[in-house]
Amino acid sequence: MTESTDTTLLETPLADRHRALGARTVPFAGYAMPVQYEGIMAEHLWTRAHAGLFDVSHMGQVVLTVPGGSHEAVASVLEALLPADVLGLAPGRMRYNFLVNDDGGILDDLMITRPADPAEAGSLMIVLNAACKDADLAHLRANLPVKATLTTLDDRALLALQGPEAEAVMAAHAPEAVDLAFMGAVTTSFDGVACHISRSGYTGEDGYEISVAAGQAGAIWDALMADDRVKPIGLGARDSLRLEAGLCLYGHDLDTTTSPVEAGLTWAIGKRRREEGGFPGAARIQREIAEGPSRRRVGIRPEGRAPAREGAPILAEDGSAIGVVTSGGYGPSVEAPVAMGYVAPGSTAPGTRLFLEVRGKRLAAEVVKLPFVPNRFKR
């Protein structure tokens, strides 16, 4: 096992399981995290065909509450900081969105869940990216009204089970999970262990995320791993899976200079919010919706077998610079290199011919429609 020797790194509640499986670990967002077990390619393809189990306990889990137990009250304070239609979020449903700054740039992307239980009507569950969670919490605490309370769930783990066999695996342990549609959530039990389960994930596959008390995480991991359809999957395959699915990674495809419109995420901004505004950066975002942005995120298929990595310049056929690659690598499912990047408006149409500058050479490429593989979410 290859493991970081930096004793300042944090570990998740499942670290002993990763060691026992011989995982290769790397420092990631302040944690020692498993990057692979048997190999990125094998783990990627297993998840696409069966069910992959991920430890994502490094993510930030928080609960936002306001006095009075009103969804309208808690939704209104959060809507002041992001462009989601939180007010219209139904009980037991979750929504993808992003914190934005005053210039319309993205501070982080996140998941918001409205609990299904009426007793929790004045609260929202939020999952933050691991690398951004400290900055996100500082931003939220600095900008939320005094009446709002933000509680970090540091005593909870988060597991993700992803792949076409995930539903059948979960059925034996948490039958209520089977009835969930994509982006649905429920507080239930897994083999008698209280947990919160959502039908979500970041691989493009059907699957679930399971939030559970840290001390109970090992029991759920062990129960899932006892199923022959399940294998452990590291962060390496998690990245290649999300790239093939055309999903953004914060700090790469999204940052404080990137607007949701440029990133192709306008669909996550509710119709009411597009019209009314009332969130940071609304002027820029509304203008770009109406007039178009100065650049757009696109999918790119390089010719040949050489992948283009983040930072590779994107050139027009005449050699002029028109953008940069933000995510790139080999797509095991498509058996070819894939990439995403931002290009000028005139170069966004599928079929547009481009060049990518890789190690001093120009590689021919083509703009393609995202995602690279069809998403298989349970609608």
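In what order do the six strands of the open sheet with mixed pairing stand? The order is S10-S11-S12-S9-S3-S13. The model described here is predicted.

**The six-stranded sheet**

The edges of this sheet are strand S10 (185-190) and strand S13 (230-232). Each of these two has a single partner strand, so one side of each is left without a neighbour in the sheet. On average, and with direction ignored, neighbouring strands are turned by 30° against each other.

Ala185 belongs to strand S10. Its relative accessibility is 7%, so Ala185 counts as buried. Leaving aside residues up to four places away in sequence, Ala185 touches Gly92, Thr113, Ala116, Leu180, His196, Ile197 and Ser198. Arg287 lies 102 residues from Ala185 along the chain, and the C-alpha atoms of the two are separated by 34 Å.

**The five-stranded sheet**

A further open sheet has five strands, in the order S5-S6-S7-S4-S8, and its pairing is antiparallel. Strand S5 (93-100) and strand S8 (149-152) are at its edges; each has a single partner strand, so one side of each lacks a neighbour in the sheet.

Strand S6 (residues 106-114) pairs with strand S7 (residues 123-128) in the antiparallel sense, over four bridges. One of the residues involved is Ile112, whose bridge partner in S7 is Ile126.

Helix H4 (residues 133-143) lies across strand S4 (60-65) and also across S5, S6, S7 and S8. Relative to S8, H4 runs at about 160°.

**Helix H3**

Helix H3 spans residues 71-79 and includes His71. The buried residues in H3 are His71, Val74, Ala75, Val77, Leu78 and Glu79. The elements that cover them include S4, S6, S7 and helix H9 (271-276).

His71 counts as buried because its relative accessibility is 3%. Apart from residues up to four places away in sequence, the contacts of His71 are Val86, Leu87, Leu89, Arg114, Ala121, Gly122 and Leu124.

**Cysteines and buried positions**

How many disulfides does the structure hold? There are zero disulfides. A disulfide is a covalent bond between the sulfur atoms of two cysteines. For Cys248, the closest cysteine sulfur is in Cys132, at 13 Å, which is too far for a bond; the cut-off for a disulfide is a sulfur pair within 2.5 Å.

Is Cys248 buried or exposed? Cys248 is buried, with a relative accessible area of 3%. Cys195 also counts as buried, at 2% relative accessibility. The threshold behind these assignments is a relative accessible area under 20%.

The table gathers the residues with a stated accessibility.

| Residue | Relative accessibility | Class |
|---|---|---|
| His71 | 3% | buried |
| Ala185 | 7% | buried |
| Cys195 | 2% | buried |
| Cys248 | 3% | buried |

Note on methods. Residues numbered from 1 in each chain as written. Predicted model: local features only at pLDDT ≥ 70, side-chain atom pairs only at ≥ 80, totals over all residues. Heavy atoms only, no water. Buried < 20%, exposed > 50% of the residue type's maximum accessible area, 1.4 Å probe, protein only. Pairing = 2+ DSSP bridges. Contact = heavy atoms within 4.5 Å. Axes fitted to C-alpha atoms, helices over the stretch in contact; angles between N-to-C directions.
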